[in-house]
Amino acid sequence: MRILIVGGGPAGLTFAACLLEHGIEPVVVEKAARDRTGGYSIGLHVNGWRVAERLGLIEAFRAKAMPLGPAHHLDRRGRKLFSYDYRVLANAAEGRLLAIMRNDFHEILSGAVEGKCPIRYETTVVALDDDGAGVTATFSDGSTDRFDLVVGADGYRSAVRALAFGPHEEFLRPLGYRASAWRVSLARPLDASFVGMMDVDHQGGLYAVGDGTAATLFCWRDERTDRLDPDARRAILQKEFGQWPEPVASALTSAIDWDQAFFDTVSQIEVPKWSKGRIALLGDSAWCLTFLAGQGTSTAMAGAYILAAELARKSHVEALDSYEARLRPLVTRMQAISRKIGGHLIPQSTFGMRVQSWILPIMLSRWFIRLTSGRLAAPSLELD
Ligand SMILES: Cc1cc2nc3c(=O)[nH]c(=O)nc-3n(C[C@H](O)[C@H](O)[C@H](O)COP(=O)(O)OP(=O)(O)OC[C@H]3O[C@@H](n4cnc5c(N)ncnc54)[C@H](O)[C@@H]3O)c2cc1C
């Protein structure tokens, strides 16, 4: 079976690695250059962890993991609101939790597939013609090729979805926020794994990477979903967070490489059916959960694992149906949880902020963490 994977992110590269395990050699096309992978941190939770174990990659991920320790939340004047400890969260997940920079994650996954299947960087698809017997793909360099199956693993603004399923806006469920994330050098080390600040409709902070740099993450209420150029992005960040003290202040004035950074609307993707004929969607292109639940990478990896396993033993029609039937309940649940977490993390009033400052440390304490995880973490998926 000849499979084209569009997108070499967590979903696409995990899918390629899993197909290779089944003796299927895919072709991957990736829009970005080899080392342009996004300068923000991502988390690996139980489902991604188990896939990484099966691919023999978990030790490589652990070796690059960011330090897990206390997280401090402050108000916008720098006064402490509450703290909790990521090690408590990791214990509740029986140790199957780590945070890693996306470029390290990408390096490990691409190392697992490079040389074993073609990866064409700086290439995308511009047309897909599914005639029932196969799909003819036309690439951005003008070449064409024919495949039995095309899988769009090309993220939130998926070109495959736009070409084969319909316009982006048709599948969008905006959550009413914008977010931005990039990597900064630190003048002084952070005194915690995470130092965050919150205010009504705002949340911003820095995650220590452990090498003198930090990964920022800013999120604020903004109903608009249009794309902005770098100058407009800077202006918005300055308007929303410009008066905040250290460590946010230095992060805001740091140089930002927008090819690596993230800046976009926080919106979920809802596609009624993830496949159409011989074209299927996987990961954020099919179901973007948003970063709010911290489960997008792991769910993408689990989806990749399941889709590869189904394709290895069934016809593409049956495999695509089983893949969706096995994954859809988890995705629906995690999308609902993401929406709920947004309300917890980004306070909507001063009163709400006070309540959250009181409730969150209790929810995340070692006495209540199992109850909280049971309600908000992804359940372990049956992979076999
Ligand atoms: C700031 C931030 C923090 C996050 N934190 C977490 C976290 O802590 N835990 C977690 O689990 N998840 C987190 N997520 C979510 C997670 O990053 C995504 O869910 C995950 O990356 C989805 O993987 P994907 O491969 O489906 O899509 P993407 O990561 O978007 O990868 C898509 C790939 O396709 C490529 N591409 C795009 N368009 C095309 C095209 N037209 N042609 C070819 N290639 C294309 C892109 O360059 C990219 O390499 C976070 C996301 C953000 C933005």
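**Entry 1: Thr290**
I began at Thr290, which has its place in the loop between helix 9 (284–287) and helix 10. Helices are DSSP runs of H or I with at least four residues, strands are E runs of at least two, and both are numbered from the N terminus. I noted that this is a predicted model, where local features need pLDDT of at least 70, side-chain atom pairs count only at pLDDT 80 or more, and totals for chains, interfaces and linings use all residues. Residue numbers start from 1 along each chain as its sequence is written.

I looked up the phi of Thr290 and found a positive value near 80°, in a residue other than glycine. Most residues other than glycine have a negative phi, and most peptide bonds are trans. Is Thr290 buried or exposed? Thr290 counts as buried because 27 C-beta neighbours lie inside 10 Å. The cut-offs, with C-beta atoms placed from the backbone: 20 or more other C-beta atoms within 10 Å is buried, 12 or fewer is exposed, and in between is partly exposed.

Next I went to Glu122, in the loop between strand 7 and strand 8. Glu122 also has a positive phi, near 55°, and is not a glycine. With 13 C-beta neighbours inside 10 Å, I put Glu122 down as partly exposed.

Then I checked the peptide bond from Glu246 to Pro247, which is cis with omega near 5°. Pro247 is in the loop between helix 7 (230–241) and helix 8 (248–253).

**Entry 2: helix 1**

I found 10 of the 12 residues of helix 1 buried. Among them are Pro10, Gly12, Phe15 and Cys18. The cover over these buried residues includes strand 1 (3–6), helix 2 (46–54), helix 5 (102–113) and helix 10 (296–313). After helix 1 comes Gly23, with a positive phi near 80°.

I traced an open sheet of six strands in the order 7-2-1-11-19-18, with mixed pairing. Two strands pair if DSSP finds at least two bridges between them. Strand 7 (119–121) and strand 18 (275–276) are at the edges with a single partner strand each, so one side of each has no neighbour in the sheet. Helix 1 packs on this sheet, touching strand 1, strand 2 and strand 11, and its direction makes about 155° with that of strand 1. Touching, or contact, asks for C-beta atoms, placed from the backbone, within 7 Å. Axes are lines fitted to C-alpha atoms, for helices over the stretch in contact, and angles run from 0 to 180 degrees between N-to-C directions.

I also looked at strand 2 and strand 7, which pair in the parallel sense over three bridges. There, the bridge partner of Glu30 is Tyr121 of strand 7.

**Entry 3: two hairpins**
I saw that strand 4 (residues 70–75) and strand 5 (residues 80–85) pair antiparallel over five bridges. Four residues separate them in a hairpin, where Gly78 in the turn has a positive phi of about 90°. His73 stands opposite Phe82 in strand 5. Strand 4 also pairs with strand 14 (residues 194–199), here in the parallel sense over five bridges.

An open sheet of three strands runs in the order 8-9-10 with antiparallel pairing. Its edge strands are strand 8 (125–130) and strand 10 (144–147), each pairing on one side only. Strand 9 and strand 10 form a hairpin with four residues between them, and Gly142 in the turn has a positive phi of about 95°. Thr138 has Thr144 of strand 10 as bridge partner.

How do helix 10 and helix 11 (residues 316–345) pack? I noted an angle of about 160° and axes 8 Å apart. That makes helix 10 roughly antiparallel to helix 11, since angles over 145 degrees count as roughly antiparallel, under 35 as roughly parallel, 65 to 115 as roughly perpendicular and the rest as oblique. The contact includes Thr299, Gly303 and Leu307 of helix 10, and Ala319, Tyr323 and Leu330 of helix 11.

Last, I visited Leu383, in the segment after helix 13 (369–376). Leu383 is partly exposed, with 14 other C-beta atoms within 10 Å. Not counting residues up to four places away in sequence, Leu383 touches Arg50, Ala302, Tyr305 and Ile306. Leu383 and Ala302 are 81 residues apart in sequence, yet 7.4 Å apart in space, C-alpha to C-alpha.

Notes:
Contact = placed C-beta atoms within 7 Å.
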